[in-house]
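Work through the exercises below with the model open. Each task is followed by a stepwise solution.

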Amino acid sequence: MRLAWKCLPSDQVHEAAMALAARAAARDRELVLRTKATMHAGDSMKNAAEAVAVEREAQKWALSRPEFREHIAGIRRRVGQRGTR
């Protein structure tokens, strides 16, 4: 699986990569590992129903984690603040 976040001039790549890595490093380690495993599992799924079932279980697991719930609450606060500007 290949993902692209954004396209940058070559002189900005290192700084952007380091900033992205810092964000990832600050996340709940178990959540990151589970997310990566779920993404890799997608390569072997045979149909959409299987993909939905795997993702549903991953989402339920993530929602059981206090760190994830706190992260989502922070996103909601930031999004809510945008609407009041």
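**Exercise 1.** Classify Ala22: is this residue buried, exposed or partly exposed?

Solution. Step 1: locate Ala22, which lies in helix α1. Helices here are DSSP runs of H or I with at least four residues, strands are E runs of at least two, and both are numbered from the N terminus. Step 2: apply the cut-offs. Buried means under 20% relative accessible area, exposed over 50%, and partly exposed in between (1.4 Å probe, protein chains only). Step 3: Ala22 has 47% relative accessibility, so Ala22 counts as partly exposed. Ala22 and Thr35 are 13 residues apart in sequence and 17 Å apart in space, C-alpha to C-alpha.

This is a predicted model, in which local features need pLDDT of at least 70, side-chain atom pairs count only at pLDDT 80 or more, and totals for chains, interfaces and linings use all residues. Residues are numbered from 1 along each chain as its sequence is written, and side-chain values use heavy atoms, with hydrogens and water left out.

**Exercise 2.** Classify Ala25 and Leu8 by accessibility.

Solution. Step 1: Ala25 also belongs to helix α1. Its relative accessible area is 66%, so Ala25 is exposed. Step 3: Leu8 sits in the segment before α1. At 27% relative accessibility, Leu8 counts as partly exposed. Step 4: list contacts (heavy atoms within 4.5 Å). Leaving out residues up to four places away in sequence, Leu8 touches Val13 and Ala16. Step 5: Leu8 and Met39 are 31 residues apart along the chain, and their C-alpha atoms are separated by 25 Å.

**Exercise 3.** Describe how α2 and α3 are arranged.

Solution. Two packed helices are described by the angle between their axes and the distance between the axes. Step 2: read both. The axes of α2 (residues 29-41) and α3 (residues 48-63) come within 11 Å and cross at roughly 175°. Axes are lines fitted to C-alpha atoms, for helices over the stretch in contact, and angles run from 0 to 180 degrees between N-to-C directions. Step 4: name the contact residues. α2 gives Glu30, Leu31, Arg34 and Thr38; α3 gives Val54, Glu55, Glu57, Ala58, Trp61 and Ala62.

**Exercise 4.** Is Thr38 buried or exposed, and what does Thr38 contact?

Solution. Step 1: Thr38 lies in helix α2. Step 2: Thr38 counts as buried because its relative accessibility is 16%. Step 3: beyond neighbours within four places in sequence, Thr38 is in contact with Met45, Val54, Glu55 and Ala58.
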